Amino acid sequence: METIAIRDGLVYTNGILTEASILIEDGVISKISKEGVKGDRIIDASGKLVLPGAIDVHAHINDPDYLYREDFRSASRAALIGGVTTFLEMPLVKDVDDEKSFHERKSQGEKNSYIDFGIHGSFMKSKNYTKIRELNELGLRTFGEIFTCRPFPTDDSAIIRLLHDSKLTGSLMLFHAEDEGMLSYYFDLFADRRDQLCVHEARPPEAEELAIYKIGMYSLLTGGHAHIVHLSSARGMRAVNMFKELGVDITSETCPQYLVLSRKDVERLGPYAKMAPSLKDETDIEELWKGLQHGKVEMVSTDHAPGTREEKDVGYSNPWQAWGGVPGLATVFPLLYTYGFERGRLSIEMLVKVTSENAARRFGIKGKGSISVGSSGDLIIIDRNYERIVRGEELYKVGWSPYDGMKLKGWPQYVLSNGEVAVEDWSFVKRGTGKFIELHPASMK
């Protein structure tokens, strides 16, 4: 494997930006120096940001029934174009809850993913919640999504027992937090509506808040370890942080769609904005940005869950029938860079924390999330003057993005995955595959 010397970049290491050079040998960072370094290949990073590759802990990419939407190969290509060098695969419909289903999914990733990947055990619900210890022995230590609502509702007693077992095993439970009673009420109340806002108003922020109160209280009771996925509202964020103050081991992630899009965008995007949880208001957007900057929300994931145009277009006549999900792997870092760092909502320190460092720490992804001697050669190099327009047909198997037409900065000129150049001059060039990584979740208290 060729050695790579990245010279004279503005490198984020040890919590600061510093002008330095990096040597990568055998896929691992072996030297960070103020002096020059030599390698088989030299990359001039003068005046450019050199940051750790982004980590997406929540991507639905390889469900056997929906490979026409996305698979490991197409998803990992999109991820690399946007600077994501590790993702954690979240089952979409088919459970990964026994040895056979786990090894089938793992084998697919090892054959087809261009980047390193982990797998969440899923979907844990009333029928299979007793399998946590068995799945731990296979190397699965993170479990989700655990739905507190439709379409895979888990009853309260199962949730308590899942959190109980999470304490005993050191596992992490990942929750889709919306209250089913509230959703049931609004889905029935709005059933005859056909305007595009109906599917968003049927999932109010109070539903997220109430479900988090329940999860937080059960975690307090059992000492379990909880993580809230795709946090979408200020109310939900406040609920999470209330339980942190009580000593509960609970963290959260939000997504770019909840940081960039609001209900004001629904008229423009129509069913292409349908997702769960729903889009909220602009006040929620600003509060979530503040939460990221001040460490109240630990990370940003994508909840990457694309549907085809056909699966979205049916929503123009009946929004209830449209697929609820959006693609996001290629745009998560450019969106955070453009709408966060460039606009002063995120410092460079917090940009790195919420896109890579905190995910590696919480999910126990060894050797990832930072630029340091001995860590993986997963790096992105950013020309701060470069910008390009989002074109979903160039990025995704489904051929669209909710951000189509937006001009973004933060697209990496170079992406290195395990010391191999995967993107060069903003073009995909990766050849080899990634590897499966075991997760070892840890508390962030």
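Helices (H or I, at least four residues) and strands (E, at least two) are DSSP runs, numbered from the N terminus. The structure described here is a predicted model, in which local features need pLDDT of at least 70 and side-chain atom pairs count only at pLDDT 80 or more, while totals for chains, interfaces and linings use all residues. Residues are numbered from 1 along each chain as its sequence is written, and side-chain values use heavy atoms, with hydrogens and water left out.

Another cis peptide bond joins Ala276 and Pro277, where omega is about 0 degrees. Pro277 belongs to the loop between helix H10 (266-269) and helix H11 (282-293). The loop between strand S18 (420-424) and strand S19 (427-428) holds Asp425, whose phi is near 50 degrees, a positive value in a residue other than glycine. Trp426 lies in the loop between S18 and S19 too, and its phi, near 70 degrees, is likewise positive in a residue other than glycine. Asp425 is partly exposed, with a relative accessible area of 38%; here buried means under 20% relative accessible area, exposed over 50%, and partly exposed in between (1.4 Å probe, protein chains only).

H2 (residues 99-112) has 14 residues and reaches 20 Å from its first C-alpha to its last, close to the 20 Å expected at 1.5 Å a residue; the expected span is 1.5 Å times one less than the number of residues. Within H2, the buried residues are Ser101, Phe102, Arg105, Lys106 and Gly109. They lie on the same side of H2 because they cover an arc of only 125 degrees around the axis, an arc taken from the directions from the helix axis to the C-beta atoms. Exposed residues Lys100 and Lys111 are carried on the face turned away from the buried side of H2. The buried residues of H2 pack against helix H1 (72-81), strand S7 (84-89), strand S8 (116-119) and helix H3 (132-138), where contact means heavy atoms within 4.5 Å.

What about the interior? In soluble globular proteins, nonpolar side chains tend to be buried together. A nonpolar core is a set of buried Ala, Val, Leu, Ile, Met, Phe, Trp, Tyr and Cys residues joined through side-chain atoms within 4.5 Å. The largest such core has 93 residues, and those with the most contacts inside it are Leu51, Phe87, Phe175, Ile228, Leu336 and Met406. Not counting residues up to four places away in sequence, Leu51 touches residues including Tyr12, Phe333, Ile348 and Ile380. A second, separate core of 16 residues includes Val11, Ile43, Tyr414 and Val421.

Val423, in strand S18, is buried, with a relative accessible area of 0%. Leaving aside residues up to four places away in sequence, the contacts of Val423 include Leu80, Ile81, Tyr414 and Phe428.

Rings of Phe, Tyr and Trp (its six-membered ring) pair if their centres lie within 6.5 Å; planes under 30 degrees apart count as stacked, over 60 as edge-to-face and the rest as tilted. A search of the whole structure finds 19 aromatic pairs. One of them, formed by Tyr114 and Phe428, is edge-to-face, at 4.9 Å centre to centre with 65 degrees between the planes. This pair links distant parts of the chain, 314 residues apart, with Tyr114 in the loop between H2 and S8 and Phe428 in strand S19. Tyr114 counts as buried at 11% relative accessibility, whereas Phe428 is partly exposed at 22%. Tyr337 and Phe341 form a tilted pair, 5.3 Å centre to centre and with 55 degrees between the planes. Both lie in helix H13 (residues 332-341), four residues apart, about one turn of the helix. Ring pairs also link Phe72, Phe87, Phe102, Phe117 and Phe436 into a cluster.

Rings meet charges as well. A charge sits over a ring if NZ of Lys or CZ of Arg is within 6 Å of the ring centre and within 35 degrees of the ring normal. The charged end of Arg69 is placed over the ring of Trp323, 3.9 Å from its centre, and Arg193 lies over the face of Phe190, at 4.6 Å from the ring centre.
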